[in-house]
Amino acid sequence: MTTTGAKPPGTSDEASAAVAVREMFDQIAPRYDLLNHVLSMNVDRLWWWRAARRFRGVLADPDAAVLDICCGTGDMTMALLKRRPQGARPILAADFSRGMLARGAKKFAAHKDGAPFAVPLEADALHLPLRSGSLDLIVSAFGFRNLANYEAGLREFNRVLKPGGQLGILEFSEPGGLIGKAYAVYFRRVLPAIGRAICGAAGPYNYLPTSVGNFPPPPEMLELMNAAGYEQCAWQPYTFGIAGLYTAARAL
Ligand SMILES: C[S@@+](CC[C@H](N)C(=O)[O-])C[C@H]1O[C@@H](n2cnc3c(N)ncnc32)[C@H](O)[C@@H]1O
């Protein structure tokens, strides 16, 4: 079977791809938040907010078990937390880069007594240390594209979701038309140059446009989701399709 997944330069198999991704995020972790906001001109905040709003129903249930996988420095988690009621079950915020997760953990630790909070968890999205059928919602923002095997990732999420449990994957995509052409210049030329200047390393910000270019376009991604046992699979474009939210539910 042919599988799809991230292939950072210099990697030959899934294991080496995962190591390269983890090391890359450990390397950029100290500058990640700054770079994110500069490069997206703060539109990333709107995307996290919209993704969280999409799941406001399940988030409002204090007993809902929620996982933010590939949580990185935790901004998606923070947007999800804003929609949790007082005394709600904590959100699990998982990532395999210790450098990224440590920064997220600081944000989660800043909550006031009784306010909803998140628990950081160092874990690989392809091998979650969670019981089958235990989660009501899994969200992943800009992390799924980095998995070494997309089919395996979707299957693993399906395993840990309850039947009917919901999945939200926020990812970049490549818009078409004139906007797409203009954006491609920014994304492929300007963005790597700014990333290099702030971060001091070329690799990660050359990898970003390449990884988005290699990611399955929405129709293919929806097919992968269907094949992995999800129903109601849909894609909602954000900001001219520069990004978008994939949604689905584990089949009953
Ligand atoms: C671009 S960052 C996104 C972070 C955050 N969700 C956000 O929206 O800013 C991608 C994150 O995915 C994590 N990641 C990639 N592959 C992973 C895997 N197999 N398991 C766990 N985390 C992974 C990386 O370590 C990184 O922190």
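**Labels and their grounds**

Analyst: Thr239 sits in the loop between strand 6 and strand 7 (243-250). Helices (H or I, at least four residues) and strands (E, at least two) are DSSP runs, numbered from the N terminus. This is a predicted model: local features need pLDDT of at least 70, side-chain atom pairs count only at pLDDT 80 or more, and totals for chains, interfaces and linings use all residues. Residues are numbered from 1 along each chain as its sequence is written, and side-chain values use heavy atoms, with hydrogens and water left out.

User: Why is Thr239 called partly exposed?

Analyst: Buried means under 20% relative accessible area, exposed over 50%, and partly exposed in between (1.4 Å probe, protein chains only). Thr239 has a relative accessible area of 26%, so it is partly exposed. Its phi is positive, about 50°, although Thr239 is not a glycine.

User: What makes Gln232 count as exposed?

Analyst: Its relative accessibility is 63%, so Gln232 counts as exposed. Gln232 lies in strand 6 (residues 230-238). Gln232 is not a glycine, yet it has a positive phi of about 55°.

User: Why is Ser211 called buried?

Analyst: Its relative accessible area is 5%, so Ser211 is buried. Ser211 belongs to helix 8 (residues 203-214).

User: What makes the pair Ser211 and Arg145 a polar contact?

Analyst: A polar contact is a pair of N or O atoms within 3.5 Å; within protein, one must be able to donate a hydrogen and the other to accept it, and residues adjacent in sequence count only if both atoms are side-chain atoms. The side chains of Ser211 and Arg145 are joined by such a contact at 2.8 Å.

User: How do you know that the length of helix 2 agrees with its residue count?

Analyst: The expected span is 1.5 Å times one less than the number of residues. Helix 2 (residues 43-54) has 12 residues and should span 16 Å; its end C-alpha atoms are 17 Å apart, so the two agree.

User: Which residues of helix 2 are buried, and how do you know which side they are on?

Analyst: Asp44, Trp47, Trp48, Ala51 and Ala52 are buried. They cover an arc of only 130° around the axis, so they are on the same side of helix 2. The arc is that of the directions from the helix axis to the C-beta atoms. Trp47 has a relative accessible area of 4%, so it is buried.

User: What makes the buried residues of helix 9 line one face?

Analyst: In helix 9 (residues 218-227), Pro218, Met221, Leu222, Leu224 and Met225 are buried. They fall within an arc of 155° seen down the axis, so they line one face of the helix. Pro219, Glu223 and Ala227 are exposed on the other side of helix 9.

User: What makes a space a pocket?

Analyst: On a 1 Å grid over the protein atoms alone, a pocket is an open set of points where a 1.4 Å probe fits, with protein on both sides within 12 Å along at least five of seven lines; lining residues have an atom within 4 Å of a point. The largest pocket holds about 840 Å³. It is lined by 49 residues, with Tyr32, Asn36, Phe142, Arg145 and Phe172 nearest its centre. Helix 1 gives the most to this lining, with 10 residues.

User: Which residues are closest to the centre of the second largest pocket?

Analyst: That pocket has a volume of about 210 Å³. Of its 16 lining residues, Ala6, Lys7, Thr210, Ser211 and Asn214 are the closest to its centre. Helix 8 gives the most to this lining, with 6 residues.

Conventions: Points joined across faces, edges and corners; volume = space filled by probe spheres on them.
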